[in-house]
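Let's take a friendly tour of a protein and the molecule it holds. Keep the picture open and look up each place as it comes along.

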Amino acid sequence: MAGKYDYDLFVIGAGSGGVRASRIAAGHGARVAVAEEYRVGGTCVIRGCVPKKLLVYASHFAEDFEEAAGFGWTVGETRFSWEKLIANKDREIDRLNGIYIRNLKNAGVEIVESRAVLKDAHTVHLVKEDRDVTADKILVATGAWPFMPAIPGIEHAITSNEAFHLAELPKRIVVVGGGYIAVEFAGIFNGLGAQTTQLYRGPLFLRGFDDDLREILAQEMVKKGVDLRMNIDIAKIERTTVGALALTLTDGSVHETDAVMYATGRAPNTAGLGLETAGVALGPKGEILVDKFSKTNIDNIYAVGDVTDRANLTPVAIREGQAFAETVFNGNPIAVDHSVIPTAVFSQPEMGTVGLTEAEARAKLGEIDIYKTSFRPMKGTLSGSEEKTFMKLVVEPQSQRVLGVHILGPTSGEIIQAIGIAVTMGATKAQFDATVAVHPTASEELVTLKEKWQPPAAQAAD
Ligand SMILES: Cc1cc2nc3c(=O)[nH]c(=O)nc-3n(C[C@H](O)[C@H](O)[C@H](O)COP(=O)(O)OP(=O)(O)OC[C@H]3O[C@@H](n4cnc5c(N)ncnc54)[C@H](O)[C@@H]3O)c2cc1C
């Protein structure tokens with residue numbers, strides 16, 4: 001390969017996509033370096049999926065202690081230490097960070113602890129070391145960054161980045177946003193005992209997810225104590241004389257709280273990267289435009305992960321990184337299929353979803369078959385919990401192919417991973433029905449749904 005450059009591949013960003021691409025390319029014999037300006041592992045490991053899930057686990061215990069009584073347990077006095085949780089979480093993140101570093105080194109990848117920016121199509125400037133290196137191929141895998149609106153007093157607000165390192169658990173918190181990160185953090189803070197308000201400027205949060213799930217989740221979150229308010233936003237944030245925050249809302253009311261967390265979207269990390277100098281084309285959100293092999297308009301520059309704003313999830317970034325390395329360094333062209341992506345929202349209750357929502361399927365096909373059920377899971381009979389589990393199958397009428405599965409309830413994320421295999425394979429409703437149920441489980445409902453759901457008007461006409 002190109003001996004005239006310092007490296008065959010230079011990767012900017014050691015997150016989910018960059019790490020995978022670096023390791024696979026090095027495995028195929030390429031001379032690879034990866035630059036990281038913060039911590040190896042990237043968002044998911046350091047301040048995303050992993051620490052978030054640990055906090056979700058922590059926040060479930062209050063409910064678990066309460067529910068234990070129905071099963072004969074007497075739980076003594078309970079106390080929660082945020083400080084201990086964060087210290088334990090940090091220890092685990094340090095361990096994972098160490099593993100990522102070791103894996104890269106073992107694969108023969110050189111790690112450069114510095115911000116890196118492009119100087120031209122083959123030259124990267126390492127900011128910390130103030131030196132330039134050259135590479136035949138360059139992969140941009142710089143991820144995304146929380147977006148915050150420029151309202152007065154926004155400097156008093158935090159994002160998910162800071163939420164993982166708060167010195168103490170706020171007594172009262174307001175979470176702003178309607179995406180999955182906002183919903184997950186509202187559940188975390190509420191479960192840990194903070195008086196939690198979630199504000200969303202639209203009519204219903206989790207746009208893009210199945211409407212039934214969105215509505216039922218909203219009801220369940222309210223039952224659990226989250227003060228959920230839609231069609232509202234913050235106009236202004238002010239620090240009060242007693243150190244609290246006074247939020248002036250868009251309806252003119254004032255809400256006092258101790259902390260405000262914005263989870264109002266994430267913008268691709270492309271600012272100041274030198275992409276314009278290298279001639280790399282960007283889309284309207286600042287995302288790097290790529291083809292199906294993750295190649296930009298510049299022949300030797302590629303981009304994977306959140307910076308391309310395709311499907312902003314870790315397993316997708318990993319796949320794109322792997323496909324890039326296989327395509328470019330192993331002569332094995334792979335285009336990642338983004339059409340069926342199973343995913344979970346670690347809300348409380350949890351959501352698992354794969355394939356088309358009912359609304360998407362109707363818009364695409366007109367006629368569709370819907371099977372759905374809502375029930376109180378078995379555990380609730382003794383725990384006393386009134387929480388509902390909900391499941392829906394979206395089925396194509398002619399082929400009977402299951403186009404989408406949507407679940408709200410405990411361990412939905414685990415269930416949807418397995419169901420995702422069937423949906424990816426193109427399984428039909430008849431094949432779901434032919435699958436023997438596992439009893440007693442909640443997910444057995446997925447293979448025993450008999451009655452096609454009729455919209456209320458059609459029911460009345462029957
Ligand atoms: C709170 C939160 C929860 C999440 N939960 C989930 C979840 O449950 N499941 C899921 O699938 N996804 C989740 N995600 C999304 C997931 O983290 C991202 O999709 C994933 O990390 C994207 O990988 P990436 O390689 O594109 O970028 P990243 O993992 O963000 O890595 C980019 C890296 O590049 C570095 N970098 C940026 N610019 C430069 C530069 N100029 N020079 C050097 N280094 C640079 C950054 O420091 C970073 O380490 C979550 C995200 C957040 C914020």
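A polar contact is a pair of N or O atoms within 3.5 Å. Keep that cut-off in mind for the first stop. Also remember that this model is predicted.

## Contacts with the ligand

Start at Ala116, where a backbone N or O atom lies 2.9 Å from a nitrogen atom of the ligand. At Asn312, a polar backbone atom is 3.4 Å from an oxygen atom of the ligand.

How much of the ligand's accessible area does the protein cover? On its own the ligand has 990 Å² of accessible area, and the protein covers 95% of it.

## The shell around the ligand

Several helices give two or more residues to this shell: α1 (16-27), α2 (42-47), α3 (49-68), α6 (180-192) and α9 (314-329). Which of them gives the largest share? The answer is α2, with 4 residues.

In total, 37 residues surround the ligand. The closest are Gly17, Glu36, Thr43, Lys52 and Asp306. By type, the shell divides into 14 nonpolar, 15 polar and 8 charged residues.

## How some helices pack

Now follow two of the shell helices, α3 and α6. Their axes are 7 Å apart, and the helices pack at an angle of about 40°. Because of that angle, α3 counts as oblique to α6. The crossing of α3 and α6 is left-handed.

Next, compare α1 with helix α4, which spans residues 82-106. The axes of α1 and α4 come within 9 Å and cross at roughly 25°. Angles under 35 degrees count as roughly parallel, so α1 is roughly parallel to α4. Here, too, α1 passes α4 in a left-handed crossing.

Most residues other than glycine have a negative phi, and most peptide bonds are trans.

Where is the cis peptide bond with omega near 0°? This bond runs from Gln348 to Pro349, and Pro349 sits in the loop between β17 (343-345) and β18 (351-355). Another cis peptide bond runs from His439 to Pro440, with omega near -5°. Pro440 is in the loop between α13 (429-434) and α14 (456-461).

The last stop is Ser294, a residue other than glycine with a positive phi, near 70°. Ser294 is placed in the loop between α8 (275-278) and β16 (301-303).

Key. Residues numbered from 1 in each chain as written. Predicted model: local features only at pLDDT ≥ 70, side-chain atom pairs only at ≥ 80, totals over all residues. Heavy atoms only, no water. Near = heavy atom within 4 Å. Polar contact = N/O pair within 3.5 Å; in protein donor to acceptor, adjacent residues only side chain to side chain. Areas by Shrake-Rupley, 256 points an atom, 1.4 Å probe, with all protein chains shown as cover. Nonpolar A, V, L, I, M, F, W, Y, C, P; charged D, E, K, R; others polar. Axes fitted to C-alpha atoms, helices over the stretch in contact; angles between N-to-C directions. Parallel < 35°, antiparallel > 145°, perpendicular 65-115°, else oblique. Left-handed = near helix turned anticlockwise from the far one by under 90°.
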